[in-house]
Amino acid sequence: MDERAGLPLHAGASVVYDGQAWDVAELAPPGVLLERPGELRQVSIGHLLAAPGTRLGDAVPGGAGGGLLAGLDGEGLAE
(Lines give C-alpha, C1' and ligand atoms only; values in the text may rest on other atoms or scores of the structure.)
Protein backbone atom coordinates (compact mmCIF):
# COMPACT_ATOMS: atom_id res chain seq x y z
CA MET A 1 0.00 0.00 0.00
CA ASP A 2 1.23 3.50 -0.82
CA GLU A 3 2.36 5.28 2.36
CA ARG A 4 0.79 8.52 1.08
CA ALA A 5 -2.70 7.03 0.64
CA GLY A 6 -3.99 8.27 4.01
CA LEU A 7 -2.45 11.74 3.96
CA PRO A 8 -4.86 14.69 3.91
CA LEU A 9 -4.95 16.88 0.84
CA HIS A 10 -7.16 19.92 1.34
CA ALA A 11 -7.23 23.66 0.74
CA GLY A 12 -4.69 25.25 3.06
CA ALA A 13 -2.48 22.16 3.31
CA SER A 14 1.26 22.59 2.95
CA VAL A 15 2.98 20.59 0.21
CA VAL A 16 6.54 20.22 -1.00
CA TYR A 17 6.37 19.70 -4.78
CA ASP A 18 9.10 19.98 -7.37
CA GLY A 19 11.54 21.03 -4.64
CA GLN A 20 9.45 24.02 -3.54
CA ALA A 21 7.07 24.66 -0.62
CA TRP A 22 3.50 25.36 -1.76
CA ASP A 23 0.09 25.89 -0.16
CA VAL A 24 -2.95 24.15 -1.63
CA ALA A 25 -5.10 27.07 -2.76
CA GLU A 26 -7.91 25.03 -4.28
CA LEU A 27 -8.77 21.37 -4.59
CA ALA A 28 -11.05 20.66 -7.56
CA PRO A 29 -10.67 17.03 -8.65
CA PRO A 30 -8.99 15.94 -10.78
CA GLY A 31 -6.75 18.96 -10.24
CA VAL A 32 -5.19 21.00 -7.49
CA LEU A 33 -4.15 24.65 -7.56
CA LEU A 34 -0.90 25.32 -5.71
CA GLU A 35 0.28 28.76 -4.67
CA ARG A 36 3.40 30.38 -3.32
CA PRO A 37 4.31 34.06 -3.32
CA GLY A 38 3.87 35.41 -6.83
CA GLU A 39 3.18 32.05 -8.42
CA LEU A 40 0.28 29.70 -9.07
CA ARG A 41 0.59 26.21 -10.51
CA GLN A 42 -2.21 23.83 -11.47
CA VAL A 43 -1.43 20.12 -11.59
CA SER A 44 -3.45 16.93 -11.54
CA ILE A 45 -3.80 15.29 -8.15
CA GLY A 46 -2.42 12.05 -9.58
CA HIS A 47 0.68 13.82 -10.90
CA LEU A 48 1.20 15.65 -7.59
CA LEU A 49 1.01 12.45 -5.55
CA ALA A 50 3.17 10.45 -7.96
CA ALA A 51 5.92 13.07 -8.39
CA PRO A 52 9.23 12.05 -6.79
CA GLY A 53 9.95 14.03 -3.64
CA THR A 54 6.39 15.22 -3.07
CA ARG A 55 5.67 15.55 0.64
CA LEU A 56 2.29 16.40 2.12
CA GLY A 57 1.71 17.96 5.48
CA ASP A 58 5.37 18.30 6.44
CA ALA A 59 6.17 21.50 4.61
CA VAL A 60 6.87 24.52 6.79
CA PRO A 61 3.47 25.80 8.04
CA GLY A 62 2.58 28.68 5.76
CA GLY A 63 5.86 27.89 4.06
CA ALA A 64 4.59 28.92 0.69
CA GLY A 65 3.86 32.35 2.05
CA GLY A 66 0.47 31.91 3.63
CA GLY A 67 -1.40 33.16 0.58
CA LEU A 68 -2.72 36.69 0.99
CA LEU A 69 -0.66 37.41 4.12
CA ALA A 70 2.60 36.85 2.28
CA GLY A 71 2.79 40.39 0.94
CA LEU A 72 2.21 42.13 4.28
CA ASP A 73 4.98 43.66 6.36
CA GLY A 74 5.03 43.64 10.16
CA GLU A 75 2.77 46.69 10.38
CA GLY A 76 0.27 45.19 7.95
CA LEU A 77 0.19 41.93 9.88
CA ALA A 78 -0.41 43.81 13.14
CA GLU A 79 -3.62 45.28 11.75
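Read from the N terminus, the elements of the protein follow the order β-β-β-β-α-β-α, which gives 2 helices and 5 strands. Helices (H or I, at least four residues) and strands (E, at least two) are DSSP runs, numbered from the N terminus. The model is predicted: local features need pLDDT of at least 70, side-chain atom pairs count only at pLDDT 80 or more, and totals for chains, interfaces and linings use all residues. Residues are numbered from 1 along each chain as its sequence is written, and side-chain values use heavy atoms, with hydrogens and water left out.

Of the 79 residues in the protein, 25% are buried, that is, under 20% relative accessible area with a 1.4 Å probe and protein chains only. The accessible surface is about 5100 Å², and carbon and sulfur atoms hold 55% of that surface; areas come from the Shrake-Rupley method with a 1.4 Å probe. Among contacts (heavy atoms within 4.5 Å) with a separation of 6 or more, 42% are between residues 24 or more positions apart.

Strand β1 covers residues 14-17. Ser14 and Val16 point one way from β1, Val15 and Tyr17 point the other way, and all are buried. In a regular strand the side chains alternate between the two faces of the sheet.

β1 pairs with β2 and with β5; pairing requires at least two bridges found by DSSP.

| Partner of β1 | Sense | Bridges |
|---|---|---|
| β2 (residues 20-28) | antiparallel | 4 bridges |
| β5 (residues 55-56) | antiparallel | 2 bridges |

On the β2 side, Val16 stands opposite Ala21. On the β5 side, Val15 has Leu56 as its bridge partner. The hairpin of β1 and β2 has 2 residues between the strands, and Asp18 there takes a positive phi near 55°.

Note on methods. Buried means under 20% relative accessible area, exposed over 50%, partly exposed in between (1.4 Å probe, protein chains only).
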